[in-house]
Amino acid sequence: MWNSRALHHLLLHSFFLIASVSAQRSNITSAWKTLSGSPPLVIARGGFSGIFPDSSKDAYSFAILTSVPEVTLWCDVQLTKDGAGICLPNIKLENATDISAIFQNKSTNYLVNGIPTSGYFSVDYTLKDLSSVALTQGVFSRSEVFDGMLFAILTVDDLVKELAPPGLWLNVQHDAFYSQHNLSMRNFVLSVSRRVIVSHISSPEIGFLRSITARFNPKTTKLVFRFLGQDDKEPSTNQTYGSLLKNLTFIKTFASGIIVPKGYIWPVDASLYLQQHTSLVSDAHKVGLEVFASDFANDVSFSFNYSYDPLAEYLQFIDNGDFSVDGVLSDFPITPSEAVDCFAHLGPNAKKIDNTLIISKYGASGDFPACTDVAYKQAILDGVDVLDCPVQVSKDGIPFCSSSIDLIDSTTVAQSSFSTLAATIPEIKPTGSGIFSFSLTWDNIKSLTPSILNPFGTKYKLFRNPKYKSVGSLLTLSEFLSLTKNQTSLSGIVIIIENAAYLADKQGLGVTDSVIDALSKAGYDKPGAQKVFIQSTNSSVLNKFKEKTNYERVYKIDETVGDAATKAVDDIKRFASSVVVNKNSVFPRNTGFIIGSTNTVSKLKSSNLSVFVETFSNEYLSQAWDFFSDATVEINSFIQGSDIDGIITDFPKTANRYRTNKCLNLGKNTPPYMQAVQPGALYGLITDNFLPPAVAPLPPLSDSEVVEAPLPPVSKITPAFSPDSGTKPGTQPKGNAQPKVIGCFFLSSLAVLVTCLFLV
């Protein structure tokens, strides 16, 4: 562990680059459709429990640090054997602590709400007994590295004394259980309220709330009835919570608000798509009840309508035009804080404050199949600046837009009659076989059904927009240019060219000439047209465009690098004005945590090269832990923290919305939830016994990885492939350098080897 807790808190409070300041609240109170007309309350469940162990001191302090000034800290109250009130998220202590390791084989069995339950219960231990027990991360999908900090269990008094929370919410989940063990939750809350200010007390038990309602002034402490599942039974009345929902006037007799699972307000169907919102919020407001929504967690998906963007979900509850809930209960309070203070009430014509370029990744491919007309049109609607077309070439020489030269990646070709065209070509696809664009005619290709990309689907079951996974049509390059030419909202297009040398030498297809011809026919070589970017990992491609056109050229560094040799940068400047790097080349990671920042961006920008970074996705698994499973936090940290010129994203709507938020350009008054994270700050909190093995420093980009021979001339070879054709694996080049061509060709009709060419 850290030798000094002072060092620990220094690291914690330096997490953001700019010192934390009180937010200058930008929302006009009257704009809110809450019961009071005030902004919705941000309630931090167990503190910032999405990162730190629930109810730990650092979870609570981090919530205060990263949230709106009025954040309310939520404590799930449990009672010890000697009547102390402690903050723990679950009645079963082993779900949030290491008690099973401290008191081995000491679990007991009790009835909890009539259900036999086995575990470790606070009623069996005094507060002194629990002093040796440490809090742990109870959600297995979250990182456990902060368990090593051995956070002590806090009493309610500890929480108030040590952190002085702006608001304190006590949730009493199991009053009946503690009564069975001769412990009075009523006496505890009455006692603690004499010592500290409690802003809210909630419970799913009507009997408990009715027993204390006369003892609290709602102007000081609000009582809130908590709804559980609609089919669950409330123990005092034996009625289901669903039936109690129909009698809000009764609830008003003992509570000033209700807290409900978010599905009570915005239900989803069996396919996890939103249905029409219920009338619950408006009905409750009519009888004078506030409505708080629970179960918000950035790393738990709720509906495909949100495209894995947690900020969009919060806005759906607080800024939908019809109503606003009065507060949200979240494991990640930074996100509702930015929703309330920075993004609510922007409107459709919000002014763009940040000018970072938004470049699409295969159109809006996070929502629709990549490079289809639907994905491109959606990207334009979503506010993209530069629309991309990765150019592939069909067997009959038609250039078209597709995310990969291997059609298996983005279509259902493997399930079609063309599956027999599978081939192994290691210089294009180092491992496995593929069905490549040059094996099919354009008529063949356009008959294929597109398939949405699911980068986190197979392993993590985070599938994208399944209802629309096969919509749209692939476009030829000329059709793409016709679509983009008259789109006044677009500032440019980017044409991406890869595998040009192989296509020219082994397939007799001149992709560069085809692109130049298509751009010319579409009028993009005329003055006044949208800006055209030509992107490639091959300097030979960009040099050819430099010789023949005046289009801007973008060099993509496909390695992860920590710097760039001066000679490499000088070479890049000879044929490109911009560079694409991946996110890890800016903020490298170790086991998901950012460990620092590199010199890559500053080195490139010091030579007047623009820097674009890829790929920004909404799925939390694409982001470092440091960004709290929030795509907006990640985007903000790259733009504000590394001064990049553009971001490449498959969810352009998220990136474009970021540029309009009201918390930008506020200088010293920038709220903490719109400040760039400090690279390596979270990693610095990990104790030695939980530290992952160190990773080697990232290498710099070298000159040998940039310089390559000119493109070969277009050959007259017209090869054919059999389904089981193969080639010997070739030695892959270093970095971006052009591969040596190794090709084996077979007659598909007879499966007879004709020749195997080795160009060494």
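**Charges, cavities and cores**

Modeller: The structure holds 29 salt bridges. This is a predicted model: local features need pLDDT of at least 70, side-chain atom pairs count only at pLDDT 80 or more, and totals for chains, interfaces and linings use all residues. Residues are numbered from 1 along each chain as its sequence is written, and side-chain values use heavy atoms, with hydrogens and water left out.

Colleague: What is a salt bridge?

Modeller: Side chains of opposite charge can pair when their charged atoms come close. The cut-off is a side-chain nitrogen of Lys or Arg within 4 Å of a carboxyl oxygen of Asp or Glu. Take Glu94 and Lys92, whose side chains meet at 3.7 Å, N to O. Glu94 is partly exposed, with 23% relative accessible area. Lys92 is partly exposed too, at 22%. On this scale, buried is under 20% relative accessible area, exposed is over 50%, and partly exposed is in between (1.4 Å probe, protein chains only).

Colleague: Which parts of the chain does the Lys222 and Glu290 pair link?

Modeller: Lys222 and Glu290 form a salt bridge at 3.1 Å, N to O. The pair links distant parts: Lys222 is in strand β8 (residues 222-226), Glu290 in strand β10 (residues 290-296), 68 residues apart. Helices (H or I, at least four residues) and strands (E, at least two) are DSSP runs, numbered from the N terminus. Lys222 is partly exposed at 28% relative accessibility, whereas Glu290 is buried at 10%.

Colleague: What does the pair of Asp513 and Lys548 tie together?

Modeller: Asp513 bridges to Lys548, with the closest N and O atoms 3.3 Å apart. Asp513 lies in helix α17 and Lys548 in helix α18 (residues 539-548), so the bridge ties together parts 35 residues apart in sequence. Asp513 is partly exposed, at 34% relative accessible area. Salt bridges can also join into a network: Arg45, Asp54, Arg142, Asp299 and Asp331 are linked that way.

Colleague: Helix α18 again. Which of its residues are buried?

Modeller: Ser539, Ser540, Val541, Leu542, Lys544 and Phe545. They pack against β15 (492-497), α16, α17, β16 (531-536), β17 (552-556) and α19 (566-575). Contact is judged by heavy atoms within 4.5 Å.

Colleague: What classes of residue line the largest cavity?

Modeller: Eight nonpolar, four polar and four charged. Ala, Val, Leu, Ile, Met, Phe, Trp, Tyr, Cys and Pro count as nonpolar, Asp, Glu, Lys and Arg as charged, and the others, Gly among them, as polar.

Colleague: And which residues line the second largest cavity?

Modeller: That cavity has a volume of about 50 Å³. Its lining includes Ala500, Ala504, Val511, Thr512, Lys544 and Leu711. Helices α16 (500-506) and α17 (511-521) each supply at least two lining residues. The lining divides into seven nonpolar, two polar and one charged. Lys544 is also among the buried residues of α18.

Colleague: Next, the nonpolar core. Which members of the largest core touch the most others?

Modeller: A nonpolar core is a set of buried Ala, Val, Leu, Ile, Met, Phe, Trp, Tyr and Cys residues joined through side-chain atoms within 4.5 Å. The largest has 204 residues, and Phe146, Phe225, Ile258, Ile265, Phe480 and Ile495 touch the most other members. Beyond four places in sequence, Phe146 is in contact with Ile51, Phe52, Pro53, Phe151, Phe593, Leu682, Leu685 and Ile686. Apart from that core lies another, of ten residues, among them Val386, Val554, Phe612 and Ile648.

Colleague: Last, loops. Is Ser585 buried or exposed?

Modeller: Ser585 is buried, at 0% relative accessible area. It lies in the loop between β19 (578-582) and β20 (589-590). Leaving out residues up to four places away, Ser585 touches Glu559, Thr560, Val561, Thr598 and Thr600. His174 is another loop residue, between β6 (167-171) and α5 (175-180). His174 is buried at 14%.

Terms used: 1 Å grid on protein atoms, 1.4 Å probe; cavity = no way out; pocket = protein on both sides within 12 Å on 5 of 7 lines; lining within 4 Å. Points joined across faces, edges and corners; volume = space filled by probe spheres on them.
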